[in-house]
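Subject: Structure for you to look at

Hello,

I am passing on the structure below, followed by notes on what was found in it. Please read the notes with the model open.

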Amino acid sequence: MKKLLLIFLMLLTVLSVEACGDSNNEPYTPEQPGTSEQPDKEGNDKPDTPAPGGKGRYLVLYNSRTSNTERVAKRIQAVLNCDILEVEPQMPYENDYNSMLKRAQEELAAIRQGNYPAVKTSVENFDDYDIVFIGYPIWYSSIATPMQTFLHEHASKLASKQVALFATSGSSGISTSVSEVRKLCLYATIINQTLLLTSSDLSQMDTHITEWLNKIGVKREDQE
């Protein structure tokens, strides 16, 4: 009887260990706010034509896997009444979040080897713009890969232009991505004041955007 009880207790212990063994196997996710992933939008007939606004002195360029960076970009565009354009990957990201994470890691590794993933967005020139606003989510502390490709391909066209950076992130800082922009766009003038909105900041997005634009001395075009 004691032997049967001992066997039963040993089996119970094994089952308990197996049930708890996978509790820490959570996937490591890119640093970007929000957990509700949305697929990239399709149906843009002219991805390289900025949506016009105001006098065309400012351009807001953004890449957004979720809607977070897009919300910030569109708010900046609305405040300034300026042009706006989304930077989109040639191949849309998978709807499955884990598949998207795997692809993001592979693309970041490829970029470190000098191989940039294709994007379908291009701009002929930036001659008419005084300031180009560039926004992106932060993935694993880096610029989201579609925006890295865009900047790599347009570095010469952005030379001598003023560039203002904004980003969204789950928790990572913006400093690594700023360094990446400086390397990608060697001859652009990167405005020192940047805007980073984490998931906890998004509820006060309007206030943060207004304060940032005031710091860099940018006003709505029809107010200048």
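**What was found**

Please keep in mind that this is a predicted model.

Overall fold. The chain contains six helices and seven strands. Their order along the sequence is α-β-α-β-α-β-β-α-β-α-β-β-α. Of the 224 residues in the chain, 45% are buried. Taking contacts between residues at least 6 apart in sequence, 84% link residues that are at least 24 apart. The chain has an accessible surface of about 12100 Å², and carbon and sulfur atoms account for 50% of that surface.

Cysteines. The number of disulfides in the structure is zero.

- N81 has a phi of about 55°. This residue lies in the loop that runs between α2 (68–80) and β2 (83–86). Its relative accessibility is 23%, so N81 counts as partly exposed.
- S141 has a phi of about 75°. The loop between β3 (131–139) and β4 (142–143) is where S141 sits. With a relative accessible area of 28%, S141 is partly exposed.

Regards

Methods:
Residues are numbered from 1 along each chain as its sequence is written. This is a predicted model: local features need pLDDT of at least 70, side-chain atom pairs count only at pLDDT 80 or more; totals for chains, interfaces and linings use all residues. Side-chain values use heavy atoms; hydrogens and water are left out. A disulfide is a pair of cysteine sulfur atoms within 2.5 Å. Helices (H or I, at least four residues) and strands (E, at least two) are DSSP runs, numbered from the N terminus. Buried means under 20% relative accessible area, exposed over 50%, partly exposed in between (1.4 Å probe, protein chains only). Contact means heavy atoms within 4.5 Å. Accessible areas come from the Shrake-Rupley method with a 1.4 Å probe; for residues, only the protein chains shown count as cover.
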